[in-house]
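Hi there,

Here is the structure I promised to pass on. Have a look at it first, and then read my notes below.

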Amino acid sequence: MLKDITLGQFFPGDTPAHRLDPRTKILLVILYIVALFSAKSLISYGVVIAALAACVRISRVGLRSLVRGLKPVMILICITAVLNLMFTPGRNLVEWGIFHITDAGVRNAVTMVLRITLLIMGTFLMTYTTSPIRLTDGLERLLGPLKKLRVPVHELAMMMSIALRFIPTLIEETDKIMSAQKARGADMESGNLFHRARAMIPVLVPLFISAFRRADELAVAMECRCYHGGEGRTRLHVLRYVRRDYLALGIGAAVAAAVIVLGRFGL
């Protein structure tokens, strides 16, 4: 289960998706989210799915990697579907005690599951094709105007980068600790939910200790390298827009506009 959590992982490559400016990818994800939540019909959802499929094809990440990333949130998706299915007012299709399945509930359940699935797959595709360092640089450049309002843009971007970078590390550390505890005879899979949660205590304690130790080592390493924030810092790779970035933004804006127009006309 832990190995299926792919948030924060980066798959190196030399595809057009990997070569895009990180600022372009962030803006494309924003346009994608706008289009996704503006979709109201099968045609508009078809346009969003086609756009995502084209991006997956161009990035060569593989649909299997995106589907594997959905496994840790399947419980959340199922709960969302059940809540919309059972508690949405409308014309009753099935009635069982206090639970009612309505036509509007079926539509809402399908719509919410589809939206959550496509949202996760689209955002994961950005992290799969963008290294945390480039993603941080892109986010910092996009939020640059907020520096005039004394918003700590560099610090926020740095924290996001460190968080994304340490997610795979902590997942790997958790897997090692769980394997070690199981080798010592710990039972973490049997019993009810309370017993399983209690069995996780021997895992959480060393995990927190390891996380704090890594954080302390990182802080010492940054101090030894005279890190003092974003003022006066230079970059090895300077971000520059090229023709492919403008083309990608144009296509993304056209797709979002098409979905919004289809939604306005009820198509």
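How many disulfides does a search of the whole structure find? The search finds 0, where a disulfide is a pair of cysteine sulfur atoms within 2.5 Å. Cys55 is partly exposed at 40% relative accessibility, and Cys224 is exposed at 59% (buried means under 20% relative accessible area, exposed over 50%, partly exposed in between, with a 1.4 Å probe and protein chains only).

Please keep in mind that this is a predicted model: local features need pLDDT of at least 70, side-chain atom pairs count only at pLDDT 80 or more, and totals for chains, interfaces and linings use all residues. Residues are numbered from 1 along each chain as its sequence is written, and side-chain values use heavy atoms, leaving out hydrogens and water.

Next, a pair of helices. The axes of helix 5 (residues 74–86) and helix 6 (residues 103–128) come within 7 Å and cross at roughly 160° (axes are lines fitted to C-alpha atoms, for helices over the stretch in contact, with angles from 0 to 180 degrees between N-to-C directions; helices are DSSP runs of H or I, at least four residues, numbered from the N terminus). The two helices are therefore roughly antiparallel (an angle over 145 degrees). Residues of helix 5, including Ile77 and Leu85, meet residues of helix 6, among them Met112 and Ile116 (contact means heavy atoms within 4.5 Å).

Finally, two arginines. Most residues other than glycine have a negative phi. Arg60, in the loop between helix 3 (42–59) and helix 4 (63–70), has a positive phi of about 60° and is exposed at 70%. Arg150 has a positive phi of about 65° and is exposed at 79%.

Best wishes

Definitions and conventions: Parallel < 35°, antiparallel > 145°, perpendicular 65-115°, else oblique.
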